[in-house]
Amino acid sequence: MEYVENKELEAKEIHNIFTDMMKYAPSKLCGMFGNVITLPIYTNLFTTVQYGLYTVSIAMLSFLCIIFSDWVGLAGLRFFRFHQLEKDLPKYLTTLVLILSLNMVLMFGLAFLCRNWMFSFFHVPFKYFLAVLVLIIPVAIRALLSQLLRAQLKSISYTVATILNQFVTIGLTVFFAKFFHLGAASILLGMGVAISLIDILLLYQCEILKIFKFQKVEWKFIFPIVKYGIPVAAVSLSAWLISQSNKIIMGGISGFSKAAFVGVGYGLTMPILMPLFAMITVAAIPRIINMFEAKIDVRPIITKFMGYYILLALPLVVIMSLYSMDFTHLLKTNPKFYEASTLVPYFSFGVFFLGLTDYTTLQYHLANKTHIEFIIKLISGIIGVGLNFVLILKMGLVGAGIATLAANFLYFLLSAVIVLPDFNLKLPQNTLIRLILSAIPALALYCAFKFTQINVSGSLQMLSVLILFYAVYSIIKFKIFKTSD
């Protein structure tokens, strides 16, 4: 493929990406804050068994969403601009709605036919099984509408909807738990009501009703969506094997109480880190897609933003790993769940490598070769499931952590090695050099705290080490050598 070099457009788009990041930042930061307060609320509101039941139910929900709904929304994002230029959005939207509706019907049919297998696999009571099936309907609608908002570059509207969804869900969950004593079902009910209300808001925000009308659907509209979406769903299912199957396996081997520890370990890392890390990709990917469609070389921009990601993510992950117990205390987690701190180093580094693959696998999405991503993620997921079975039996919680980290690292490694022609990325070398140099004084300060009698709280130690690291990094970048990736 021949790229057109347009430095002026690149500079303009980088500026636009940063502008969008600032617009998306409130939703991501509020989402992160919401997840931070959710963990202490839920761990203090529910027993370990109830929290474990909630953890497994959410794993089941995400499993069904991956297969039947999420990929439709992602396809809506990928091809929205193309059909907007072709001026056939009504027919395109009709196609998306039709596919999503058929998927819901298929899901309920398969759930009825395979109910015995699903009961034995997820180990959830019937009422939770039924609640998850009903909940997926508003969740599927939200997934499609929110991706259409992203495609329209309505970042502020996306932010408002995300923030409202987060806090309305928390408020309703506490209400149902306190006044109706529904246990873990309170969370599912709170999610259902909150997401249904947000769906109504999203309909007005994306203004789809102004252009949507039922039209005859043609195969030429269905085929690209399915061709793109099915591999994406398969990739997400492979990701589910890596990040969620450990909860199911732990619950099956050791019961809901042990599954609760895996759920809390997950809650201490993934829902907190990913919204923060996603501030870059949620703004960058739609614009990178538009640039690629205009045949602009997007590789330098991807490399640049990969460097920003490493600069943001790696120091935080290292600090969380070094101070895992202090971090667990800082989030006011109920003491009966403190054992989950064992998982923080493994899960946090797993999240780091998972986030890094957003940049290395973008090549497959741009080239519409998502089947490659599916293959490498499926390999990683299958190996991860096997490691979970073996290591959980032998090592308990630590085994679940090692298996998850190993699977995520393998996924990143394969995506970095399997490179499509004309999509080779350069490493952000200058960023990596500055990171290494800045880590030296930060590590020295950590050792001083660790091996001397300085009486400083763990939270203050974490903050001090991070401030020193970024201060040294800034000095190196702007005073010592000013080159950029």
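Reply: Start with helix α6 (residues 155-180) and helix α7 (residues 185-206), in what is a predicted model. Their axes come within 8 Å and cross at roughly 155°.

Me: Are α6 and α7 roughly parallel or antiparallel?
Reply: The axes of α6 and α7 cross at roughly 155°. An angle over 145 degrees counts as roughly antiparallel. So the answer for α6 and α7 is roughly antiparallel.

Me: Is the crossing of α6 and α7 left-handed or right-handed? And how many charged residues does the contact have?
Reply: The crossing is right-handed. Among the contact residues are Leu164, Val168 and Leu172 of α6, and Leu189, Val193 and Ile198 of α7. By class, the contact of α6 with α7 has 16 nonpolar and seven polar residues. The number of charged residues is none.

Me: How many polar residues are in the contact of α2 with α10?
Reply: α2 passes α10 in a left-handed crossing. From α2, the residues include Thr48, Tyr51 and Gly52; from α10, they include Phe256, Ser257 and Gly263. By class, the contact has eight nonpolar and no charged residues. The polar residues number five.

Me: Are α11 and α12 roughly parallel or antiparallel?
Reply: α11 spans 270-293, and helix α12 spans residues 299-322. Their axes come within 10 Å and cross at roughly 175°. That is over 145 degrees, so α11 and α12 are roughly antiparallel.

Me: How many nonpolar residues make the contact of α11 with α12?
Reply: Phe277 of α11 and Tyr309 of α12 both take part. Phe277 touches Tyr309, and also residues including Leu312 and Leu316. By class, the contact of α11 with α12 has no polar and no charged residues. The count of nonpolar residues is 16.

Me: Is Thr269 buried or exposed?
Reply: Thr269 lies in the loop between α10 and α11. Residues that Thr269 touches include Met274, Met320 and Phe347. Its relative accessible area is 0%, and the cut-off for buried is under 20%, so Thr269 is buried.

Me: What distance separates the C-alpha atoms of Phe292 and Leu366?
Reply: Phe292 is found in helix α11. Phe292 is buried, with a relative accessible area of 11%. Phe292 and Leu366 are 74 residues apart along the chain. Their C-alpha atoms are separated by 7.3 Å.

Me: Is Ile382 buried or exposed?
Reply: Ile382 is found in helix α16 (residues 370-395). The C-alpha atoms of Ile382 and Ser238 are separated by 7.7 Å, and these residues are 144 residues apart along the chain. The relative accessible area of Ile382 is 52%, and over 50% counts as exposed, so Ile382 is exposed.

Technical notes:
Residues numbered from 1 in each chain as written. Predicted model: local features only at pLDDT ≥ 70, side-chain atom pairs only at ≥ 80, totals over all residues. Heavy atoms only, no water. Axes fitted to C-alpha atoms, helices over the stretch in contact; angles between N-to-C directions. Helix = DSSP H or I, 4+ residues; strand = E, 2+ residues; numbered from the N terminus. Parallel < 35°, antiparallel > 145°, perpendicular 65-115°, else oblique. Left-handed = near helix turned anticlockwise from the far one by under 90°. Contact = heavy atoms within 4.5 Å. Nonpolar A, V, L, I, M, F, W, Y, C, P; charged D, E, K, R; others polar. Buried < 20%, exposed > 50% of the residue type's maximum accessible area, 1.4 Å probe, protein only. Lists of a residue's contacts leave out its neighbours within four places in sequence.
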